[in-house]
Amino acid sequence: MRSGRGSSAEHLPRLRLDELLEELQIRIDAVRSTRDRVHGLLEAVLSVGRELDLPQVLRGIVEAAVVLVDAEYGALGVIGEDEKLSEFLTVGIDDELRARIGPLPSGHGLLGELIRHPEALRMPELSGHPSSYGFPAGHPPMHSFLGVPIRVRDKVFGNLYLTEKRGAQEFDAEDESVLSTLAVAAGVAVENARLYEEARSREQWLAASAEVTSTLLSGGPRAQVLELIVERARQIVSADLGLVALPVEGAGGLPGELRTVLAVGQDAQAHDGLRVADGDGFVGAAFSAAEPVVSTDIAHDPRIGAGDTRWAGLGPAVAVPMGARGGVRGTLLLARGAGRPAFGAGQTVPLLGFAGQAALAMELAERRSAAEQIAILEDRDRIARDLHDLAIQRLFATGMTLQSTQKFVRHPQAAERLERAVDDLDDTIKIIRSTIFGLRTKETGRAAEGVRARVAVSVEAAAASLGFSPAVRTEGLVDTDVPPAIADHLIAVLVEALSNVARHARATAADVRLAVAPGELSLTVADNGVGFGPEAARSGLKNIKERSVALGGSFVHDTPPGGGARLVWRVPLSAASASADTAADTADTAAAGPGGPDRD
């Protein structure tokens, strides 16, 4: 009896000890589980914090969340500017299952509950929530649910959604705490990735602008530059379609009409040559408003004409003006495929700046090309004048000499050869004149011509009245040292002097000498005619003298020892600030031509 009671008494403490040991083991396992979970959380935080590429950061957050709370399915929804889900990344659903489910959710039902009320949400049964709409056909069954918001600088960036807790009926408070902690770290990681993405984007836009500018300034054709602009913009913002619309020029278009001159990417051939009115449609709205125009679904945008199937299959789109208000040169449009993320301010603002810089570079390149073209045309004009004033005059003089020699040649064959030589000279002159005509272009104003060329033109114009071509000599840097204001007076005086020779001198030869010495310009016109009449009116000479006085110079006229007449007109080169009235008189006198005022 005693031994039996003693045996039971000894057995009872042993049972209690086993229970204590079992409880201790449970607590140790719980501590180990907590330690492992904390280590897992720290590892997950470090993992998402190391990555800088935003898509990889988002993918890493979802994968870490699924492991930490031991969920079968996980997802991360990014909230767009329209308060809907712009992106939805999933874990636990393969491509085949995703295809059976159909389009990804946009933020309605229970998923939208976290968007409207960004607080942690935990429940054992999804279907029990009032906002639950059920699942589409082909969707796997889901019961337990845990969702927490991800905040970036106090703004909700997106939400983490976890379903189907493994080994339990529902997620517990510890799961919620762990997931909320991961969401805080995820917000920091997302912000870092965004800053890195913005810095990389700025670098890409700057590199693209530099490439466009370099291509333009190196003389690349406009079509190549436009294609480069579209391609670089498409690459940076990851667009499927890019096009450029420019105002229609010439008689083939209506005022204020735009035409697509380049389309690259998805269904580009359907947009090539598309015409829209300024201010009409999606493209025209950006051109007339001179600011970005954004659409989340361009295929169904009311600004696109009804029944227009060109935009089928496309979704988000943005159109920006190329240039600033008052100087818009065209419109750049970029579009993504249906279902892709919309264009946000982080992409629209740099795109607008890139388009504006590209337009400025195009304008500078066009002005540079125009300046180069003007230089080429001026050089061609100079060549034409030199041919006319030098080569033709020499050939003409040689022909005149040969013609005058014919009367002294008695031999018939020699006379015939002289006649053929004269004819050949005439043909050569005609060929040169034809070449000159091909070289000549429209004059761009008197200021665009050199002084030497203007003198040659004035002498040539007077040759018809004189009956001969005066000899012309120039000395010094005439084209570079003579200011335009003095050049106008110079030409007027030259025209006046040659007109006097033609009207009164009865001369057979005349010399024109133009010289530029340090600080002074002098014009000398001499002829072998009858000289100055002592009793004639001197209005013409008075005009010449008044010009010299107005410029602070001097004027003298006399009869050289060999006879004839000579006038010398000198002015300082610092007299470029002549009065506007005198300059106007200059233009009137120059326009008078050989039939101007009298010689005296």
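Author: Let us begin with a single residue, bearing in mind that this is a predicted model: glutamate 164 is found in strand β5, which covers residues 155–165.

Reader: Is glutamate 164 buried or exposed?

Author: Glutamate 164 is buried, because its relative accessible area is 16% and the cut-off for buried is under 20%.

Reader: And what about its phi, positive or negative?

Author: The phi of glutamate 164 is positive, at about 65°, although this residue is not a glycine. As background, most residues other than glycine have a negative phi.

Reader: Let's zoom out for a moment. How many helices and strands does the protein chain have?

Author: The protein chain has 14 helices and 16 strands. It has 600 residues, and 40% of them count as buried. If you take the contacts with a separation of 6 or more, 63% of them are accounted for by residues 24 or more positions apart.

Reader: What about aromatic rings, how many pairs are there?

Author: The structure holds 3 aromatic pairs. One of them is formed by phenylalanine 88 and tyrosine 161, whose rings are tilted, with 6.2 Å from centre to centre and 35° between the planes. This pair links distant parts of the chain, since phenylalanine 88 is in strand β2 (residues 85–91) and tyrosine 161 is in strand β5, 73 residues apart. Phenylalanine 88 and tyrosine 161 are both buried.

Reader: Which phenylalanine also forms a tilted pair with tyrosine 161?

Author: That is phenylalanine 145, and its tilted pair with tyrosine 161 has 6.3 Å from centre to centre and 35° between the planes. Phenylalanine 145 lies in strand β4 (residues 145–152) and tyrosine 161 in strand β5, so this pair ties together parts that are 16 residues apart in sequence. Phenylalanine 145 is buried, as is tyrosine 161. Taken together, ring pairs link Phe88, Phe145 and Tyr161 into a cluster.

Reader: What sits over the ring of phenylalanine 343?

Author: The charged end of arginine 336 sits over that ring of phenylalanine 343, 4.0 Å from the ring centre.

Reader: Switching to helices, how many residues of helix α4 are buried?

Author: Helix α4 (residues 109–116) is mostly covered, with 7 of its 8 residues buried. The buried ones are Gly109, Leu110, Leu111, Gly112, Glu113, Leu114 and Ile115. These buried residues of α4 pack against β1 (71–79), β2, β3 (121–123), β4 and β5.

Reader: And how do helix α10 and helix α12 pack, at what angle?

Author: Helix α10 (residues 451–466) and helix α12 (residues 484–505) pack at an angle of about 20°, and their axes are 10 Å apart. Angles under 35 degrees count as roughly parallel, and α10 and α12 are therefore roughly parallel to each other. The crossing in which α10 passes α12 is right-handed. Residues making the contact include Val451, Val455, Ser458 and Ala462 of α10, and Ile491, Leu494, Val495 and Leu498 of α12.

Reader: What is serine 458 in contact with?

Author: If its neighbours within four places in sequence are left aside, serine 458 is in contact with Ile491, Leu494, Val495 and Leu498. Serine 458 is found in helix α10, and it is buried, with a relative accessible area of 13%.

Reader: How far apart are the C-alpha atoms of alanine 319 and glutamate 291?

Author: The C-alpha atoms of alanine 319 and glutamate 291 are separated by 8.5 Å, while the two residues are 28 residues apart along the chain.

Terms used: Residues are numbered from 1 along each chain as its sequence is written. This is a predicted model: local features need pLDDT of at least 70, side-chain atom pairs count only at pLDDT 80 or more; totals for chains, interfaces and linings use all residues. Side-chain values use heavy atoms; hydrogens and water are left out. Helices (H or I, at least four residues) and strands (E, at least two) are DSSP runs, numbered from the N terminus. Buried means under 20% relative accessible area, exposed over 50%, partly exposed in between (1.4 Å probe, protein chains only). Rings of Phe, Tyr and Trp (its six-membered ring) pair if their centres lie within 6.5 Å; planes under 30 degrees apart count as stacked, over 60 as edge-to-face and the rest as tilted. A charge sits over a ring if NZ of Lys or CZ of Arg is within 6 Å of the ring centre and within 35 degrees of the ring normal. Axes are lines fitted to C-alpha atoms, for helices over the stretch in contact, and angles run from 0 to 180 degrees between N-to-C directions. Angles under 35 degrees count as roughly parallel, over 145 as roughly antiparallel, 65 to 115 as roughly perpendicular and the rest as oblique. A crossing is left-handed if the near helix is turned anticlockwise from the far one by less than a right angle, and right-handed if clockwise. Contact means heavy atoms within 4.5 Å.
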